[in-house]
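Hello,

Here is the structure I promised to pass on. Please open it first, then read my notes below.

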Amino acid sequence: MGDGVNREEYIVQMKQISKVYSNGVAANQGVDFNLKKGEIHALMGENGAGKSTLMKMLFGMEQPTSGEIVINGETTVLSSPSVAISKGIGMVHQHFMLVPSLSVAENVVLGMVPKKGIFIDKEKAIEITRENAEKYNLHVEPEMRVADIPVGMKQKVEILKALVRGAKILILDEPTAVLTAQETEELFRELTTLKKEGYTVVFISHKLNEIKEITDRLTIMRNGRSMGVYETKDVSKEDISRLMVGRDVVLNVQKDPAKPTETVLKVRDLEYVNEWNKKMLNKVSFDVRKGEILGIAGVEGNGQKELIDMLFNLNVPDAGTAEVNGRSIIGLPQAKIREMGVSLVPEDRMLYGIAGTASIEENVISDRCAKKELNNGPLFKMSEIHKLSEQLVKDYTVLCKSPAQQVGMLSGGNIQKVVVAREFSNDPALILADQPTRGIDVGATEFIRKKLVELSRSGVAVLLVSADLAEVMELSDSLIVMHNGRIVAYFRDAETLTDEEMGEYMLGLKEQTPEEIRRVCHD
Amino acid sequence: MSNLLSNILSPGFFFSIFRISAPILYATLAAIVVEKAGFANIGLEGLMMFSALFGSLASYYAGSWVVGFLTAVIVGVVMSLVMGFFAFQLQTDIILVGIAINLMGSGGTLFLCKIITDITEGKAMASTTGLVTSGICIPNISIPLIKDIPFIGEVISGHSLLTYLAFLVCILTSIMLYRTSLGLNIRAVGENSNAAASVGVSVLKIKYIAIGFSGLMSGFGGAFMSMSYAQGWSQDMVAGRGFIALAAQAMGGGECLGGMLSSLLFGFAQALGIKFSAVGLDSNLASPIPYAITIISLAIFGFVRINRAKKPKVAA
């Protein structure tokens with residue numbers, strides 16, 4: 001590769017790229033990456049493998065420490081995103097780069113606003129958006145506020161933004177992480193259309209099925225290095241996962257059938273209207289029993305977050321009750337809720353899960369630092385704390401130099417393991433697991449899933465919220481689907497469902513009868 | 001009491017509301033724009049103090065209010081850009097920069113005044129803590145026709161040029177924020193600077209423009225204070241208007257119209273305080289009135305806002 005004929009074939013070549021951050025972390029080491037015109041190219045790897053860093057350098061957000069970037073045969077220095085945009089490179093970030101209070105059209109033209117005199121030409125902005133939306137077959141509502149549109153449309157706005165700026169190469173960072181099955185299919189159709197028209201797509205993903213379905217070639221990264229470039233059709237899913245993690249990963253979680261006993265969490269008629277007057281929870285009732293995993297599926301933003309917030313008193317419902325083992329938890333301080341045996345794996349681990357600048361040790365004892373065993377009068381018993389944290393780091397295979405290391409310095413997967421180590425080790429009666437494996441690597445994902453199953457089989461009640469359809473379907477014993485703040489379906493046996501069926505409920509195309517839904521309350 | 005009422009219902013009282021509100025409105029607009037750009041400039045008070053001093057000095061030495069006014073504006077803008085340099089480029093906490101400017105604005109202006117003018121007690125031009133520059137003030141303007149309308153004419157006509165400008169600038173600021181690409185960029189940077197940066201909007205430039213705008217407004221406000229509101233400069237003459245503006249910004253929901261109404265409310269409160277002392281209320285009791293009204297109205301505003309957020313829930 002890389003000589004004579006091939007050089008012309010590539011529209012992007014990144015040669016021997018290294019990136020060492022000022023704190024000494026080497027995110028990329030001698031990585032070769034290239035793109036052919038008109039291909040969909042997967043970039044795969046665990047969290048912290050250096051995929052995002054590599055792509056940020058291609059988009060001009062970061063500068064390589066060494067190495068060369070060649071675009072259309074020309075060596076180029078991509079000093080900023082503007083330069084990258086001018087070279088025809090566009091990026092759709094995992095966390096959308098949109099301004100919520102502005103309209104779709106305003107977001108699309110931001111930075112290149114059409115003007116009428118000194119004023120913004122709003123009609124023209126809408127027209128540009130509409131024209132391009134039609135041209136690329138990306139359906140958006142130009143006049144709606146971004147805050148009011150669904151996630152799938154937000155992503156289309158992002159893709160449009162890149163295309164309107166003349167992008168021929170599109171980098172999509174985990175584009176399907178937040179989409180339903182239907183939306184994902186739609187995205188794939190759109191990407192295939194773009195590919196036919198000669199656009200090149202880089203597709204970052206953890207999801208093996210998607211990679212196999214849509215990509216032509218793939219580059220696998222591990223530990224900041226490239227593990228090679230492959231034709232997608234020539235490698236099996238098992239090969240890919242082996243290259244990514246360096247060992248075989250069991251993708252199917254093995255679990256015995258659940259034997260649920262008495263109800264632990266009992267939620268009745270929970271209602272909540274948010275500050276923008278949108279009804280986020282509408283008469284939500286369900287039970288979670290000892291020994292079962294109850295999954296909540298649904299497109300994000302349909303009340304799952306609000307529900308978890310209510311159950312951990314991060315917010316107060318307008319009406320309804322929630323009880324743990326017969327005692328109300330509404331409005332109780334978090335310490336009291338924890339005393340009752342409730343653990344939370346929060347959706348936003350950086351905000352609610354950890355204190356980033358504190359050590360691993362301080363983080364894992366933060367929920368129990370007042371306990372007698374760890375204190376000696378007013379002072380900590382440091383020896384006990386060291387022992388406990390070392391044990392937890394070992395049990396939960398947290399990859400770190402020592403428990404004294406700052407949590408914020410770890411990779412996403414290891415940060416989540418720290419959260420889980422704390423939340424799972426305090427003898428919980430109920431675990432609220434909100435997106436427990438979002439954006440973390442295959443190894444950590446597998447570990448956390450296994451732990452959840454293990455704990456549930458040992459008699460813990462688990463409420464699992466996940467936007468990852470495969471996860472919620474594989475892991476849950478029973479499932480409820482939320483749409484528009486309501487429970488629209490309950491499946492006693494999660495294993496018999498198909499993705500398509502689920503998608504129809506998640507998007508509100510289908511709904512069960514109240515009697516069917518009522519079965520989730522085991523009175 | 002009836003004395004007080006007749007005092008309040010006089011055109012002079014309403015006139016004074018607009019006059020008192022003008023500098024607060026300038027500072028409020030400054031607060032609004034920087035807040036839209038995603039940060040806070042608590043140093044408006046200090047900026048206004050500096051602008052007031054240099055405006056007054058320049059007008060005195062040049063013998064022209066135009067020179068004084070321009071100097072005040074330039075000083076406000078330059079100092080705000082220096083604040084921006086410390087905050088954006090040297091990465092100092094913008095709140096600390098604001099505190100520094102405020103402290104300098106209080107003590108530093110007096111120091112500079114004494115150094116520059118060599119004023120000592122007893123000299124004709126000024127007392128120990130102030131300059132008097134009567135005769136070179138920003139002119140007042142009588143509006144033809146309107147000035148002849150009874151009552152209304154007395155309230156609306158005859159204000160300082162800068163009072164009219166304040167309300168005009170308020171409208172222009174609103175148009176700038178919502179109708180121009182600069183405003184769009186400011187709002188985008190304030191709400192999601194990464195989004196703005198990712199499409200090639202220079203976040204640093206926008207922040208400089210926003211803080212420069214706050215300096216410009218402080219310049220207007222400061223010039224008004226020393227060259228129109230009072231006939232000269234004195235120590236701490238801005239008297240918390242830069243802080244009241246921050247409250248007005250919040251109370252006005254961060255929008256120009258709301259900010260203007262809040263400024264008028266605070267103007268009303270101060271005018272009321274003045275009237276109370278005019279009818280013989282002990283000045284120690286009268287002078288806290290505007291500040292008490294500020295606190296009470298903020299509390300009511302907060303209460304109403306929380307309730308308004310909750311109310312529809314009860315209905316639902």
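**The sheet in chain A**

Six strands of chain A make an open sheet with mixed pairing, in the order 6-9-10-3-11-12. Keep in mind that this is a predicted model. Strand 6 (89-92) and strand 12 (225-231) of chain A are the edge strands, and each pairs on one side only. From one strand to the next, the twist averages 20 degrees.

Look at the end of that order. Strand 11 (residues 217-222) and strand 12 of chain A run antiparallel and are joined by five bridges. Arg217(A) stands opposite Glu231(A) of strand 12 of chain A.

- Helix 2 (residues 51-58) of chain A touches strand 3 (40-45), strand 6, strand 9 (169-173), strand 10 (200-204) and strand 11 of chain A. Its direction makes about 150 degrees with that of strand 9 of chain A.
- Helix 6 (residues 151-164) of chain A touches strand 6 and strand 9 of chain A. Its direction makes about 170 degrees with that of strand 6 of chain A.

**A helix pair in chain B**

Now turn to helix 8 (residues 181-191) and helix 10 (residues 203-229) of chain B. Their axes come within 10 Å and cross at roughly 110 degrees. Helix 8 of chain B is therefore roughly perpendicular to helix 10 of chain B. Helix 8 of chain B contributes Asn185(B), Ile186(B) and Val189(B) to the contact. Helix 10 of chain B brings Val203(B), Ile206(B), Lys207(B) and Ala210(B). By class, the contact has five nonpolar, one polar and one charged residues.

Best wishes

How values were computed:
Residues numbered from 1 in each chain as written. Chains lettered and ligands numbered in written order. Predicted model: local features only at pLDDT ≥ 70, side-chain atom pairs only at ≥ 80, totals over all residues. Axes fitted to C-alpha atoms, helices over the stretch in contact; angles between N-to-C directions. Helix = DSSP H or I, 4+ residues; strand = E, 2+ residues; numbered from the N terminus. Parallel < 35°, antiparallel > 145°, perpendicular 65-115°, else oblique. Contact = placed C-beta atoms within 7 Å. Nonpolar A, V, L, I, M, F, W, Y, C, P; charged D, E, K, R; others polar. Pairing = 2+ DSSP bridges.
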